[in-house]
Amino acid sequence: MSDDASSAARDLTSGSPDVPLAYGSGVEMKARSQWAYVRIRFLRHRLAVASLIVLVLIGLVGVFAPQLAPYGYDQPNYDNAVQSPTLEGWHLFGTDQLGRDYLSRVMYGIRTSLWVAFFVAFLSTAIGTTIGALAGYYSGHVDNLLMRLTDLMLTLPGLAVLLTASVYLGSGDPLKIGLILAFLFWTAVARIVRGLFLSLREKEFVEAAKAAGASDLRIIVRHMLPNCLGPIIVYATLLVAAAILVEAALSFLGFGIQPPNAALGKLVSEGQGEGFDLWWLVTFPGLVIVLIALCVNFVGDGLRDAFDPTQRRIRA
Amino acid sequence: MLSYVVRRLLYSVVVLAAASFLVFTFVSVSGDPLAELNIIPNLSEQSRQNVIDRKHLDDPIPVRYGYWVRDAVTNQFGTTLLGDRPILPDLWRVMKNTLQLVLVAELLAILVAIGIGVSSARRQYSAFDYTATTVSFLGLATPVFWLALMLQVLVVQVYEHTGLKLFPIASLNSIDPGTGIHFAIDRAHHLVLPVLVLMVASVASYSRYIRASMLEVMGSDYMRTARAKGLPERQVTMRHGFRNALIPLVTLVALSFGSLLGGAIVVETVFSLDGMGLYFVNALRANDPYPVMAWLMVTATMIIVFNLIADIAYGYLDPRVRYE
């Protein structure tokens, strides 16, 4: 299993995942690696593929916001104040009372919010996987400590802890908010990885590797981890959606990312401050959050089906 | 069973103590409780010193923590930092309002979710099932605060275009709510939108869960036995399937209590409801660690109690689970 996965990784990098086999029976068959199967199953999931494309497009908008945005993030234009969405002057999302273009502001908001979300997902997955793997493999003091810490985290409402942390750690900075979120999120990843490792530890191939004299590190990294990659990747994807929603809530309440940094949640609360007559200021940044979270969840769903064919569902 | 409950409670006390010490240390080390004082102009040195003396801010953190524990246990969580206002009476008031909001929303959410989940499972892959799946994905991707704002925008727009006042968009009651039944109707009218917003996420996740649990039960042997006995299909799904599929929901609902309070924080802020969430946000904005500590301890206790009840109920509902 594990060698399949690692050779697949090599195949993917060398660009030849499909190796034709000659069986001499006239039927041409292809030996496919695990990863090729995963890719094929994912590509069959049309909704997930479409979501991935939308997500990539949104991501590109974020990355190239300074080049793409028709106006600056904080550039007032009093002649164009309080415009409802219009094609004129590219004010597709309208303007606020200072005449700032909300399409441009949303683009910059995507840039920050998406960056924070991916940062959180990556960091908490990395920390959670490391600690979960150690706890599951050695299941001694590390395991005990991890479980007690999780108990502690589960006792307090997550959003309240985040709010408290960001108030007292001095917020406003996307990096700090990302670190705070990752610090709360990693325990869930660690619990999942620990569970996977606990069951993998009893498998024969681990015993065989031990008998062959492989070191602990080698067993963990080369033999056990590749077998957990599926669930870990799926969970990391879902963390992106969770992070973007929680960051938006924090920023909305005024405890998250603060100006001069743009953030989608903050844009919604600023829109709220301008009154309900300017409905577009609240509507569009929020719609973008929904779109991103929805796409990420669909991609995660597709990945889950792709990694776990036993749970495959028929889809429209 | 009794020894299990006692052991769990003792362990919970230890967890609470550890959590309170960690939070207290964190808040004391990273925040300056006098920051708010320094903003006030023309503050006399005397009143400044009064606050420091009252809250023992000159002492090291473990000593301050000791004073806090003493206040929490014997003196209703003590008082706020600046106003010297007793904390617990305020907390009781907002807690009642929040529990009212949350319990109503949760109860309705469970009922709606059961309806959707069971129907989805009975007609798997039908148009209804796909619609329910899509809508629940949407519900899980929608930020609570944005949904609340959009409903407010909608109500305001309807009012401006037709003059129709659908629902109040802020506070728990009108200025003059009346008494008795009038008060209740007024309160219910004010709670419609907040309850609706809180329900969405719960319905979305519970209905998915019930659907999965129902599908799992549908394939089990005793369902086939029930059908083989010749029971009508309705009785098979409701008596044999549904009741067993519901058991895991008990755990899910109890475990969701924490995230429900998170939702309450957001909803109460948007609708300016005098509940725990708004109280917490205001305490944070005022940079006052004492109500924040009290709030966290009270909610932590509630979460622990809910989890314990869920575990006991689970053991009672599912005889295969036994606690020792």
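**Helix H11 of chain A**

The buried residues of H11(A) are A:Leu264, A:Gly265, A:Lys266, A:Leu267, A:Val268, A:Ser269, A:Gly271 and A:Gln272. A residue is buried if 20 or more other C-beta atoms lie within 10 Å of its own, exposed if 12 or fewer, and partly exposed in between, with C-beta atoms placed from the backbone. Helices (H or I, at least four residues) and strands (E, at least two) are DSSP runs, numbered from the N terminus.

This is a predicted model, in which local features need pLDDT of at least 70, side-chain atom pairs count only at pLDDT 80 or more, and totals for chains, interfaces and linings use all residues. Residues are numbered from 1 along each chain as its sequence is written, while chains are lettered from A and ligands numbered from 1 in the order in which they are written.

**Surroundings of H11(A)**

- Because eight of the 10 residues of H11(A) are buried, this helix is largely enclosed by the rest of the structure.
- Its buried residues pack against helix H5 (102-138), H10 and H12 of chain A, together with helix H7 (144-162) of chain B.
- After H11(A) comes A:Gly275, with a positive phi near 95°.

**The two chains**

- Chain A has 12 helices and two strands, in the order α-β-β-α-α-α-α-α-α-α-α-α-α-α from the N terminus on.
- Of its 316 residues, 46% count as buried.
- Chain B has 14 helices and zero strands.
- Buried residues make up 33% of the 324 residues in chain B.
- The C-alpha trace of chain B spans about 85 × 65 × 40 Å along its principal axes.
- Two residues are in contact if their C-beta atoms, placed from the backbone, lie within 7 Å.
- In chain A, residues 24 or more positions apart account for 69% of the contacts with a separation of 6 or more.
- In chain B, 70% of the contacts between residues at least 6 apart in sequence join residues at least 24 apart.

**Where the chains meet**

- Chain A gives 33 residues to the contact, and chain B gives 39 residues.
- On the side of chain A that touches chain B, at least two residues each come from helix H6 (141-155), helix H7 (158-168), helix H10 (216-253), helix H11 (264-273) and helix H12 (279-307) of chain A.
- H12(A) supplies the largest share of that side, nine residues.
- The residues on that side of chain A are 25 nonpolar, seven polar and one charged.
- Ala, Val, Leu, Ile, Met, Phe, Trp, Tyr, Cys and Pro count as nonpolar, Asp, Glu, Lys and Arg as charged, and the others, Gly among them, as polar.

- Chain A is divided into domain 1 (3-32) and domain 2 (46-306), with bounds from an automatic or database domain assignment.
- The centres of domain 1 of chain A and domain 2 of chain A, taken over C-alpha atoms, are separated by 36 Å.
- A:Tyr37 is found in helix H2 (residues 34-44) of chain A, and A:Tyr37 is partly exposed, with 15 other C-beta atoms within 10 Å.
- The C-alpha atoms of A:Tyr37 and A:Ala306 are separated by 7.8 Å, although the two residues are 269 residues apart along the chain.

**Contact of H6(A) with H8(A)**

- In this contact, A:Asp143, A:Leu146, A:Leu149, A:Thr150 and A:Met153 in H6(A) meet A:Thr187, A:Ala190, A:Arg191 and A:Arg194 in H8(A).
- By class, the contact of H6(A) with H8(A) has four nonpolar, two polar and three charged residues.
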